Amino acid sequence: MAKIQIPRGTQDIMPGTVELWHYIEDKARDLCRRFNYQEIRTPLFENTELFQRGVGETTDIVEKEMYSVSNPRSDDTLTLRPEGTAGVVRSYVENKLYGSPNQPVKLYYMGPMFRHERPQAGRYRQFVQFGAEAIGSSDPAIDAEVIALAMRLYQELGLSGLSVELNSVGTLEDRARHREHLLAHLNGVRDQLCPDCQSRIDRNPLRVLDCKNETCKSLTKDAPSILDYLSEESAAHFEAVKAYLTALDIRYTVNPRLVRGLDYYTLTAFEIKMAEIGAVETLCGGGRYNGLVAQLGGDDMPGIGFALSIERLLLALEKQGIQLPVSTGIDCFVAIQTEEAKDAAFGLVDRLRSAGVSAELDYLGRKMKAQLKQADRLAARYTVIIGEAELENGTAVLKEMATGEQQELKRDDLPAELAKRLQK
């Protein structure tokens, strides 16, 4: 019978690697605590209409990448979430978080997302995003704060050589002024653009600038810049964001072509990049979405956020040779010289675990020499040995593996003694 293999574009995260994930997740949670962002957990699937209305029907995500299934009890369809912002904003509206006394509402999430795209380095069909959203403030300072939160995570993990690309995609009114001039340019090269871009010219011409096709990029390199059509208020917001980033010593470059791949963005749009992390160099992306809350049925509240891929983050750490300070070893291995000592060892392991000590014993009937080899394989800091004499007099030999130092102790005293040593 043929083996059943893992679906394409997914991965098993195995022991020895998952500890790296734990470290990054703990770092992200601690950063959010310091920045006063609280965790929110939304469903893995939502009504498809949420993403059609929120993300945008002309986006690659909605047109090509969503995993959707029919709801067997209605005419609706359900979709595995391809990104996190739409679900968070849906929850914000549905749970009336706009009425919370703590404003703006600052939330973060971590969890799997799903997109049907071609797997490559740093890109999976099931991937994990960490994201943060601040809803309820139009202050440009919070734009800079959101960018700083993402940058701080990368910096505290040791990454270097990062760059922030920044743009303003304006308001709907700004884009309406820009649209006429952009259309004139695009229509002049329409026949040479890829089929996707040709279909988007009339529906959402700004999205043509996000195309990754090299021919399209070349044909649109001289397209009118949205920055030339910003209102006085939009331009002032953009200048303030740049000033706040400078105050935080966050270097950036303005990229007028940066429009991001989602329709809900307004004003600030940004990406954090690092060269040579595989097929993609963008580590993180985000921006403002001032019309999204109203579009999903709430009051017209401003918002801004970002999302980053944990898989790409791990790939970037690997590329830069950064070893995270994680330990996969255990605190203590309990070895026995005779089968009669098994009951005593089993009880001791349980008391050690209750005292906060990670402990293990042999379940395969190995000889003492093999048990000690297993302790080495598990990178145990201490080994406890119970032989015939120790079993009889209620003691055990405690061996510190790094130094080889041994000491005989009462078994009843071992949990407290080991917990105290490990705290040091």
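These legends walk you through several close-up views of a predicted model.

View 1. Let's start with the overall layout. The protein chain is divided into domain 1, covering 17-171 + 231-320, and domain 2, covering 332-419. Between the centres of domain 1 and domain 2, taken over C-alpha atoms, there are 48 Å.

View 2. Arg 33 is exposed at 58% relative accessibility, while Asp 30 is partly exposed at 28%.

View 3. Glu 145 and Lys 106 form a salt bridge, their closest N and O atoms lying 3.1 Å apart. The pair links distant parts of the chain, as Glu 145 is in helix 5 (residues 140-156) and Lys 106 is in strand 5, 39 residues apart. Are the two partners buried or exposed? Glu 145 is partly exposed, with a relative accessible area of 23%. Lys 106 is buried, because its relative accessible area is 13%, and buried means under 20%.

View 4. The side chains of Glu 214 and Lys 217 meet here in a salt bridge, at 3.3 Å from N to O. Glu 214 and Lys 217 are separated by about one helical turn because they are three residues apart in helix 8 (residues 214-219). Glu 214 is exposed, with a relative accessible area of 56%, whereas Lys 217 is partly exposed, at 33%.

View 5. In the loop between helix 4 (85-94) and strand 5 (105-114), look for Pro 104. The peptide bond leading from Gln 103 to Pro 104 is cis, with omega near -5°. Lys 96 also has its place in the loop between helix 4 and strand 5. Its phi is near 55°, a positive value in a residue other than glycine. Lys 96 counts as exposed, at 54% relative accessibility. Now turn to the loop between helix 1 (18-35) and strand 1 (38-39), which holds Asn 36. Asn 36 has a phi near 65°, a positive value in a residue other than glycine. Asn 36 counts as exposed, with 54% relative accessibility.

**View 6. A patch of negative charge on the surface.** Which residues gather in this patch of negative charge? They are Glu 339, Glu 340, Asp 343, Glu 388 and Glu 392. Take Glu 392, which lies in helix 14 (residues 388-393). Glu 392 is exposed, with a relative accessible area of 74%.

View 7. Our last stop is Leu 414, found in helix 15 (residues 414-423). Leu 414 counts as buried, with 0% relative accessibility. Leu 398 is 16 residues from Leu 414 along the chain, and 8.3 Å separate the C-alpha atoms of Leu 414 and Leu 398.

Conventions
Residues numbered from 1 in each chain as written. Predicted model: local features only at pLDDT ≥ 70, side-chain atom pairs only at ≥ 80, totals over all residues. Heavy atoms only, no water. Patch = residues over 30% accessible without salt bridge, like charges linked within 9 Å, V, L, I, M, F, W, Y side chains within 5 Å. Areas by Shrake-Rupley, 256 points an atom, 1.4 Å probe, with all protein chains shown as cover. Salt bridge = Lys/Arg side-chain N within 4 Å of Asp/Glu carboxyl O. Lys, Arg positive; Asp, Glu negative; His and termini not counted. Charge placed at Lys NZ, Arg CZ, Asp CG, Glu CD. Helix = DSSP H or I, 4+ residues; strand = E, 2+ residues; numbered from the N terminus. Buried < 20%, exposed > 50% of the residue type's maximum accessible area, 1.4 Å probe, protein only. Domains from an automatic or database assignment.
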